[in-house]
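Subject: The two-chain model, handed over

Hi there,

Here is the model I promised to pass on to you. Have a look at it first, and then read on for what turned up.

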Amino acid sequence: MKSKNSFSPYWKTNIKYVSILLVFWFIFSFLFGIILKDYLNQFSIAGFKLGFWFAQQGSIYVFVLLIFIYVRLMNKLDKKHGFKK
Amino acid sequence: MSIQTWTYILVGLTFSVYIGIAFWSRVRSTKEFYVAGGGVGAWANGMATAADWMSAASFISMAGIISFAGYDGAVYLMGWTGGYVLLALLLAPYLRKFGKFTVPEFIAERYYSNNARMVAVFCALLVSFTYVAGQMRGVGIVFSRFLEVDINTGVIIGMLIVLFYAVLGGMKGITYTQVAQYCVLIFAFMVPAIFISIQMTGNPIPQLGFGSQLTDGSSVYLLDKLDNLNVELGFNEYTENTKPMIDIFAITLALMVGTAGLPHVIVRFFTVKKVSDARKSAGIALLLIAILYTTAPAVAAFARTNLLETISDKPYSEIPQWFKKWENTGLIKFTDLNDDGMIDYSNDQSNELYVDRDIMVLANPEIANLPNWVVALVAAGGLAAALSTAAGLLLVISASVSHDLIKRVIFPEISEKGELVVARISAFFAVCIAGYFGINPPGFVAAVVALAFGLAAASFFPAIVMGIFYKKMNREGAISGMLAGIGLMLFYMLKFKFDFFGGGSADDYWFGISPEGFGSVAMIVNFLVAFFVMNFTSPTPNAIKEIVDNIRIPENE
């Protein structure tokens, strides 16, 4: 803990969290909202075509969720490494 | 009471609140002026960031743009929210830990070079001036439409208000007025949206209402109806794309990365108390922004359906009152080409109707027959959105001049008191220049807004991310990367927006990507050039590597 080494467990875990969350960031916006839009538009939830819904609604909800997940994970990690008073 | 009386009351009331807050939060030190003393709580910063971010364009224009663009409008919805994920995960916590006043300062210290600072200052000024001109214009437009004063008078009133709290209170004054402005603007946006959602679909939540069935007895889904109406009139289906998918992808990415690289957004995260607050307030900011951004597409769909049903193919003699009123402002124009007295609206030469996009939000409450106070509320909300963004930008401009240019380069011996005076003077001049552009808007404002995002994406974002996550990146690499990114972006804009270098049409776009989306390409070029140059130049000094190690941990022993 409090290591100045860039390969410290703290930094490694942080990078892991960031990478995983950015994969979800990509999937729910670029993949579902744009690349797979035409395919997903065959399906509907209520009056929304699914691809359209991801592009104009769903992706935004996921973005908010991703940041709060990151906040939670990092607060735990900070605590584990003695950064949180 | 009439709409105008209500507007005077609501605008007067909100303005007095802003001035009161400014007076209460006047500052005495540069740290307070630049970063509100670094003592802003996570919620307050989240609200301030949301108001700072949501400009006149988000409030007045975005729903209207989506209304006409249908699915394609998603580039703004995803682009201007997804950037916050990048901000929270890649930038905000580390820049807060770094703990300085401006973005150029980070670039200069991390890349141990005042040349890097100058490149960053140039970008920050270009991006911020581009933006602020649009905001002042927005203030003028709202004033002129709702209070029937001259646009220029409106701009000057707006200038005086911003001047008062930006010069007096610096970042501290701006932060707490932005908190108040967020409340005003979100209330003003949501009230009409909820009313209209209930009217059209019976669902009080617009986000759900826009996927519901209409209450007109037909039990048809709103979006199906809109798809059909659009097709009947010769437009594209509302829920399908008109732009090529690669361009939609590129624009969304450029806007996201540009958002994360905009200096007036980044600097908000210098103001919080600690690193964990920077992460948390990015989440809160996006949550608060998402309330408006998920409502806007619903408003867009409601407004378009309403508009098509109310005026398309109807006799001009029977149109409602609001149409005549907005005709006077030139935002709606009807030319009876075939002299049949009917309004023919279509996607070809027989079209007789011009509808300005801004009207979808500004006139929406009137189109839906909502009470007068709701109409007035929209005016107060539009002003709050424009003023809050303008103030944030002005602070970036003033800090770039007084801190980065004067204190760090031209006149380092200046005392703190002297720097504070210079900061106030630069804020004053920045307001005057912004006001000048508000009164005499250059014809290219719309064209350069895309440039602002493109530049931020092509310069700041790669330089900061590499600065934090890649210790080996050195001065030479970062500077050449930034210059290559900016240069390429400017070249592409000038070529396709201003007809320089032989010009070109949409068919000549590289990879089918429009200038709006080209920031993505320029960003990639920045990264590639930076890596290439890095490999042939001297490595990062160890002292700098230690700085990087230090910003990677949330607090020191």
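To start with one residue: is B:Ala44 buried or exposed? B:Ala44 is buried, because 20 other C-beta atoms lie within 10 Å. (A residue is buried if 20 or more other C-beta atoms lie within 10 Å of its own, exposed if 12 or fewer, and partly exposed in between, with C-beta atoms placed from the backbone.) B:Ala44 belongs to helix α3 (residues 42–53) of chain B. Leaving aside neighbours within four places in sequence, B:Ala44 is in contact with B:Thr175 and B:Val179; two residues are in contact if their C-beta atoms, placed from the backbone, lie within 7 Å. The C-alpha atom of B:Ala44 is 7.5 Å from that of B:Tyr176, although 132 residues separate the two along the chain.

Before going further, some background. This is a predicted model, in which local features need pLDDT of at least 70 and side-chain atom pairs count only at pLDDT 80 or more, while totals for chains, interfaces and linings use all residues. Residues are numbered from 1 along each chain as its sequence is written, and chains are lettered from A and ligands numbered from 1 in the order in which they are written.

How confident is the predictor? The model scores ipTM 0.93 and pTM 0.92. Chain B averages a pLDDT of 87, and 98% of its residues score at least 70; pLDDT is the predictor's confidence in each residue, from 0 to 100.

Now chain B as a whole. Chain B has 23 helices and two strands; helices (H or I, at least four residues) and strands (E, at least two) are DSSP runs, numbered from the N terminus. The C-alpha atoms of chain B fill a box of roughly 75 × 55 × 40 Å along the principal axes. Its radius of gyration is 24 Å, which agrees with the value near 24 Å for a compact globule of 557 residues. (That radius is taken over C-alpha atoms, and the globule rule is 2.2 Å times the number of residues to the power 0.38.) Of the 557 residues in chain B, 57% are buried. Among contacts in chain B with a separation of 6 or more, 80% are between residues 24 or more positions apart.

Chain A has 85 residues, of which 39% count as buried. Its three helices and two strands follow the pattern α-α-β-β-α along the sequence. Here, residues 24 or more positions apart account for 48% of the contacts with a separation of 6 or more. Helix α3 (residues 50–80) of chain A has a kink of about 50 degrees centred on A:Gly58; the bend at a residue is the angle between axes fitted to the seven residues ending there and the seven starting there. After α3(A) comes A:Gly82, with a positive phi near 75 degrees.

The two chains meet in a contact that takes 35 residues from chain A and 41 residues from chain B. On the chain B side, α13(B) gives the largest share, eleven residues. The residues on that side divide into 22 nonpolar, eleven polar and eight charged. (Ala, Val, Leu, Ile, Met, Phe, Trp, Tyr, Cys and Pro count as nonpolar, Asp, Glu, Lys and Arg as charged, and the others, Gly among them, as polar.)

A:Ile67 is worth a click. Leaving aside neighbours within four places in sequence, A:Ile67 is in contact with residues including B:Tyr84, B:Ala282 and B:Leu286. A:Ile67, B:Leu185 and B:Leu394 touch the most other members of the largest nonpolar core, which has 221 residues; such a core is a set of buried Ala, Val, Leu, Ile, Met, Phe, Trp, Tyr and Cys residues joined through C-beta atoms within 7 Å.

B:His264 lies in helix α12 (residues 263–266) of chain B and is buried, with 25 other C-beta atoms within 10 Å. B:Glu555, in the segment after α23 of chain B, counts as partly exposed because it has 14 C-beta neighbours inside 10 Å. Leaving aside neighbours within four places in sequence, B:Glu555 is in contact with A:Phe83 and B:Val275.

Enjoy exploring!

Best wishes
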